[in-house]
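Visitor: I would like to learn how to read strand pairing and salt bridges. Please take me through an example.

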Amino acid sequence: QDTVLVTVNPSPVVNAGPDTVICPGVNYVMISSSSTQNVNWSPVTGLNRTDTLNPVFNYDTSQVYILTATGSNGCKGIDTVNINVTGLTLNPGPDTTICSGETDTLNAISSTLNIVWSPAAGLSDTSILNPIFSYAQSMAYTLTASDSGCRLSKQITVTVQECNTFVKAPQAFTPNGDGTNDHFTVFGQYISDYQIHIFNRWGEEVYSSNDINELN
């Protein structure tokens, strides 16, 4: 007859915190506790640190996290928490540049129609996703969407510039190699289509092109 003693070491007490619903874009500090400071979160996505009880979560999609605590005896304690990010999405569209005197339609996308543009200057309607911009100067707009107690804001810039188109062609040039007016070129600004035909004195075409890179 013989005996053996099996010692069961206690596992750390660990609590990853309550499941939480947050708004997108919000910094959320995890509320967790453990009987040991030797902890690790996984996955790392969305967390600023994985080796602390209170990391900061900032991510655009929901995540389930596992908190593992390791005691001095090597035993581990595990708990999970679900951080649910509400489905509020917002995209005000790309920054755009237009010519003075032109109008432009903004093309925003949102998961809710409860939106507002600010400031109102230059916009046909501040409560729709696709207002018409008509203003004499550049503007930066903020689009804010609200849903289920969450608010999300993003910015877009409409740049207005002078686009006075002009074209200038010299009447003559002197290709004699003296470094002055040796080359013929057409000068222009804000031109989208280009075509040139050159004729000799007898009306015969000697050159033609539609390569806009020849300008200037």
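**Reading the sheets and a salt bridge**

Guide: Met 139 stands opposite Val 158 in β16. This is a predicted model: local features need pLDDT of at least 70, side-chain atom pairs count only at pLDDT 80 or more, and totals for chains, interfaces and linings use all residues. Residues are numbered from 1 along each chain as its sequence is written, and side-chain values use heavy atoms, leaving out hydrogens and water.

Visitor: Which strands pair over 9 bridges, and in which sense?

Guide: Strands (E, at least two residues) are DSSP runs, numbered from the N terminus. Two of them pair if DSSP finds at least two bridges between them. Here β15 (residues 139-147) and β16 (residues 150-161) pair in the antiparallel sense.

Visitor: What order do the strands take in the open sheet with β10?

Guide: The order is β10-β16-β15-β13, with mixed pairing. β10 (96-99) and β13 (115-118) are the edge strands, each pairing on one side only. The twist averages 25° from one strand to the next, using lines fitted to C-alpha atoms and angles from 0 to 180 degrees between N-to-C directions.

Visitor: Where does β5 stand in its sheet?

Guide: Another open sheet of 4 strands runs β2-β8-β7-β5. β5 (39-42) stands at an edge with a single partner strand, so one side is left without a neighbour in the sheet. β5 joins β7 (residues 63-70) antiparallel through 4 bridges. Ser 42 stands opposite Ile 66 in β7.

Visitor: How many salt bridges are there?

Guide: The rule asks for a side-chain nitrogen of Lys or Arg within 4 Å of a carboxyl oxygen of Asp or Glu. The count is 1. Asp 51 bridges to Arg 49, with the closest N and O atoms 3.0 Å apart.
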